[in-house]
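Look at the chains first, then follow the headings below.

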Amino acid sequence: MADQLRGGPLVLGIETSCDETGVGIVAGHRLLADAVASSVDEHARFGGVVPEVASRAHLEAMVPTIHRACTEAGVTPSDVDAIAVTAGPGLTGALLVGVAAAKAYALALGKPLYGVNHLAAHVAVDILEHGPLPQPAVALLVSGGHSSLLRVDDITGSITSLGSTIDDAAGEAFDKVARVLGLPFPGGPHIDRLARAGSAEAIAFPRGLTGPRDAPYDFSFSGLKSAVARWVERLEHDGAPVPVADVAASFQEAVVDVLTAKAVRACRAAGIQHLILGGGVAANSRLRTLAESRAAANGLLLRVPRPGLCTDNGAMVAALGALLVNAAVPASPADLGADSSLPVTLVSVPA
Amino acid sequence: MLVLALDTATPTVVLGVVEIPSPAESGWYGLGLRAARSVPSGNRHAETLGARIPDVLDEGGIGMTDLSAIVAGLGPGPFTGLRVGVVTAAALGDALGVPAYGVCTHDAIAIMHKALAGSVPDGTIVPAQGFAVVTDARRKECYWADYDSSGIRISGPHVERPADVVARPNWRRHGLVIGDSTFSEALETEVVPAEPDPMGLVLAAGGLTAGELPGPIEPLYLRRPDARPPSARKLVTPR
Ligand SMILES: [Zn+2]
């Protein structure tokens, strides 16, 4: 099939940076398959992702998930034009399962291999839903593993980090507060649901790093998390009932308030009109609503992929791979490894 | 038939192309080693293995599609490196549509040791005796397995601290220990250096020459993941 007929290069993407084994297949901007095997249930009783448990699950799920994606897309691995894989950032042991598998498929089938940046892939995935990326754009990426504000001038080669969390990731704060409230892991969806019945103004929780002399685009959620715990413990100590819905709503508001305020500020400071949201926390309903209203109030155009594309998946890796192939970016070398702290300036690992 | 054999269960990445004659002859002397690599890799198993596979195929004068099977060491070995080899074998097998066989890495070391020992004319290396195979498990522990005089595994693989291995009543009942020689001191005996190699891996894959379908290709972890469910919530308020 010619590229023009199917809408662009056919790319298989593999994602194993945390607890989702994702395999996606895209043709240019078109999503053909998005198969995900999650080990999240295995981590629940530990209250957080256990790297070794995640890595074992990736190995078990790898080949079956590739098969599922290929069946869904109606292609075989030998049909693809390139293979893309998350090379970082993420958990080293988990990343290496994906990198080794991707390399083996690429070697066996004689396909170019792209080791790509997980954060850039979170941005690129939006092309599958909303078409070509507007550039320049500011991207706010929030999940259990990362919280970053990026300036994207060229998704295939020019991304700068404006700021990131200096302690906990936003999703991690959700998990920890959920634990304080006796909610299961992962905490995000539970807090989101509970918060709808509570008042966001009930408790004035602190907004980290929002002082005039603080880094304008960095985040801090550790202090907020402790403030919530202290507040709850004081009630428990006094034998008073904990208004769980109000705590959830007020905590959630403190997180999304800071996230959206800093994202909007970054757009305005740089004169950039487009804001893109991504990462698992972008599935939070309050974050989406507040981002929409603040974007509208500031004349910004907001793009948020649907929740299934915001969480970690292989389609985002394939989408970025297709963009790299189209831009004729050279493939990664055969000694590609994994880099747990791959800087976002490296969209793909160069030869 | 041409087989790609690989192992990442030890700090040394091992890979090679082995030719099995048809009909298969018994013993290692029937095998042809077309090309082999043994690369000290530290923590860079993924980088090394991916880069060296094209090398051994080139040197062996073959292409990917000439391969009829893959054989991989399943360990035991430190997990992250071990998984690199296992997932590589599974993915290569799947992509090429050929079976991928897994073997215990200690068996591969043992079987080749027996084969080579038998070939030494004066028999100086090994009298007819059993032996133990030892490899590094990190965290001050070792993996070990016991073999009888014909190279059949009779115990293990285990993961233990060397002091506990030495304290076992039947430890070193055969006298000979082979494998990772850095354990000589801790095990209070000379560990004769031995590593897995491509021919040993192929010989250990009994099902391959017997034409049997491969079993599941899963690492021999021996240890559970290091994780404990959290205890009661930690309070942040000083009391
Ligand atoms: Zn992510």
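## Surface and charge of chain B

Chain B exposes about 10700 Å². Carbon and sulfur atoms supply 51% of that area. This is a predicted model, so every value here is computed from predicted coordinates.

Charged side chains come next. Chain B carries 20 positive and 26 negative ones. The centres of these two sets lie 14 Å apart.

## Overall form of chain B

Chain B contains six helices and 10 strands. Its C-alpha atoms fill a box of roughly 75 × 45 × 30 Å along the principal axes. How does its radius of gyration fit the rule for a compact globule? For 239 residues, that rule gives a value near 18 Å. Chain B has 19 Å, which agrees.

Of the 239 residues in chain B, 51% count as buried. Contacts in chain B with a separation of 6 or more can also be sorted by sequence distance. Residues 24 or more positions apart account for 64% of them.

## Strand β1 of chain B

Strand β1 of chain B covers residues 2–7. Is it enclosed or open to the outside? Six of its six residues are buried, so the strand is largely enclosed by the rest of the structure. Leu2(B), Leu4(B) and Leu6(B) point one way from β1(B). Val3(B), Ala5(B) and Asp7(B) point the other way. All of these residues are buried, Asp7(B) included.

Which strands pair with β1(B)? One is β2(B), residues 12–19, which pairs with it in the antiparallel sense over six bridges. Val3(B) stands opposite Val18(B) in β2(B). The two strands form a hairpin, with four residues between them. Another partner is β4(B), residues 67–73. Here the pairing is parallel and runs over five bridges. Leu4(B) stands opposite Ile70(B) in β4(B).

## Backbone exceptions in chain B

Most residues other than glycine have a negative phi, and most peptide bonds are trans. Chain B has exceptions to look for. The peptide bond from Gly75(B) to Pro76(B) is cis, with omega near 10°. Pro76(B) lies in the loop between β4 and α2 of chain B, where α2 covers residues 79–96.

Leu222(B) is not a glycine, yet its phi is positive, at about 65°. This leucine lies in the segment after α6 of chain B, a helix of residues 206–209. Is Leu222(B) buried, exposed or partly exposed? Its relative accessibility is 37%, so it counts as partly exposed.

## Overall form of chain A

Chain A has 13 helices and 10 strands. Its C-alpha trace spans about 65 × 45 × 30 Å along the principal axes. A compact globule of 351 residues would have a radius of gyration near 20 Å. Chain A has 20 Å, which agrees.

Buried residues make up 58% of the 351 residues in chain A. Take the contacts between residues at least 6 apart in sequence: 73% of them join residues at least 24 apart. Chain A exposes about 12400 Å², and carbon and sulfur atoms supply 53% of it. It holds 25 positive and 34 negative charges, whose mean positions are 4 Å apart.

## Backbone exceptions in chain A

The peptide bond from Gly88(A) to Pro89(A) is cis, with omega near -10°. Pro89(A) sits in the loop between β4 (82–88) and α4 (92–109) of chain A.

Leu209(A) has a positive phi of about 55°, although it is not a glycine. Its place is in the loop between α8 (188–195) and α9 (222–238) of chain A.

## His118 of chain A

His118(A) lies in helix α5 of chain A, which covers residues 118–124. Is His118(A) buried or exposed? It counts as buried because its relative accessibility is 1%.

Which residues touch His118(A), leaving aside its neighbours within four places in sequence? Among them are Gly88(A) and Pro89(A). These two residues flank the cis peptide bond described above. His118(A) is also in contact with Glu15(A), Ser17(A), Thr86(A) and His146(A). Asp312(A) and Met316(A) complete its list of contacts.

Methods: Residues are numbered from 1 along each chain as its sequence is written. Chains are lettered from A and ligands numbered from 1 in the order in which they are written. This is a predicted model: local features need pLDDT of at least 70, side-chain atom pairs count only at pLDDT 80 or more; totals for chains, interfaces and linings use all residues. Side-chain values use heavy atoms; hydrogens and water are left out. The radius of gyration is taken over C-alpha atoms; the globule rule is 2.2 Å times the number of residues to the power 0.38. Buried means under 20% relative accessible area, exposed over 50%, partly exposed in between (1.4 Å probe, protein chains only). Contact means heavy atoms within 4.5 Å. Accessible areas come from the Shrake-Rupley method with a 1.4 Å probe; for residues, only the protein chains shown count as cover. Lys and Arg count as positive and Asp and Glu as negative; His and the chain ends are not counted. The place of a charge is taken as NZ of Lys, CZ of Arg, CG of Asp or CD of Glu. Two strands pair if DSSP finds at least two bridges between them.
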